[in-house]
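Here is a short briefing to read alongside the model. Take a look at the fold first, and then let's walk through it together.

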Amino acid sequence: MPNTQELQDLVIQVRRDILRMVHKVNSGHPGGSLGCTEFFVALYNEIMDLKDGFDMDGIGEDLFFLSNGHISPVFYSVLARKGYFPIEELNTFRLINSRLQGHPTTHEGLPGVRVASGSLGQGMSVAIGAALAKKLNGDDHLVFSLHGDGELQEGQNWEAIMYAAGNKVDNLIATVDRNGQQIDGATKDVLPLGDVGEKFKVFGWDVLEIEDGNDLEQVIAGLNEAKSRTGKGKPVCIIMKTEMGNGVDFMMHTHAWHGKAPSDEQLATALEQNPETLGDY
């Protein structure tokens, strides 16, 4: 496995990929992508047990499902730099006939993507289904998922959350990106979520918190702790506090960069704050 410095270098390079992808087509979602960079880097390079190559069945390996699919730039960058497809393909983000559309899809056969996730609120149901399939197959590997906090305003989540606990889906680790922002403003202003962790607990989940989801070591420790709690009769939820737009000072502490591309000048500033580490595509 890569050492901590190698992972930190990857975090910075992924940030550069996100910014350059979104800027090139003047479209995409940099805020949430930047906020979840440490999570994706840790998950794919330190936490998950993955096979070489890719197949849709995913038997004999851990699986990941991205529910808040609009943060596709960070997903694509980490998949490419993990070797699922050529890094140069990041140049095609959101272009016509590209496999790298604004929300991940499966119809073009992009390695690493097992479900389309454009409509919010559905990823929990998909992850539960995959986790149950692993149980039926006698596969002791885990299923991971990621959800936006604003996404939890969708009612389907809570039906699925209730189902997972009621059916002891204890090979599932669902992480909530608790950045407090969504497309129209702060979650507390759009529709307050209250204490999300307590809600999961009341629904029967085992809950832990990552206080700083932009601290790579905290993320790794939190994910490993979550893994240690699986197989004990309860699904596991991580409440991960992040900063939308993390790593780019003018994108932080606001919802404004949820779905807006930087100008040429803003891109240059952002890239200065994240100097090239592993080579741009």
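Please keep in mind that the model is predicted.

**Overall fold**
- Ten helices and seven strands make up the secondary structure of the protein.
- The radius of gyration is 18 Å, close to the 19 Å from the globule rule for 281 residues, so the protein is as compact as a globular protein of that length.
- Along the principal axes, the C-alpha atoms fill a box of roughly 50 × 45 × 35 Å.

**Packing and surface**
- Buried residues account for 54% of the 281 in the protein.
- Among contacts with a separation of 6 or more, 76% join residues 24 or more positions apart.
- The accessible surface is about 11,400 Å², and carbon and sulfur atoms contribute 48% of that.

**Two backbone spots to check**
- Most residues other than glycine have a negative phi.
- Asn 26, not a glycine, has a positive phi of about 50°; it sits in the loop between helix H1 (4-25) and helix H2 (30-35) and is exposed, at 60% relative accessibility.
- His 253 also has a positive phi, about 65°, without being a glycine; its loop runs between strand S7 (236-241) and helix H10 (264-272), and His 253 is exposed with a relative accessible area of 62%.

Technical notes. Residues numbered from 1 in each chain as written. Predicted model: local features only at pLDDT ≥ 70, side-chain atom pairs only at ≥ 80, totals over all residues. Heavy atoms only, no water. Helix = DSSP H or I, 4+ residues; strand = E, 2+ residues; numbered from the N terminus. Rg over C-alpha atoms; globule rule 2.2 N^0.38 Å. Buried < 20%, exposed > 50% of the residue type's maximum accessible area, 1.4 Å probe, protein only. Contact = heavy atoms within 4.5 Å. Areas by Shrake-Rupley, 256 points an atom, 1.4 Å probe, with all protein chains shown as cover.
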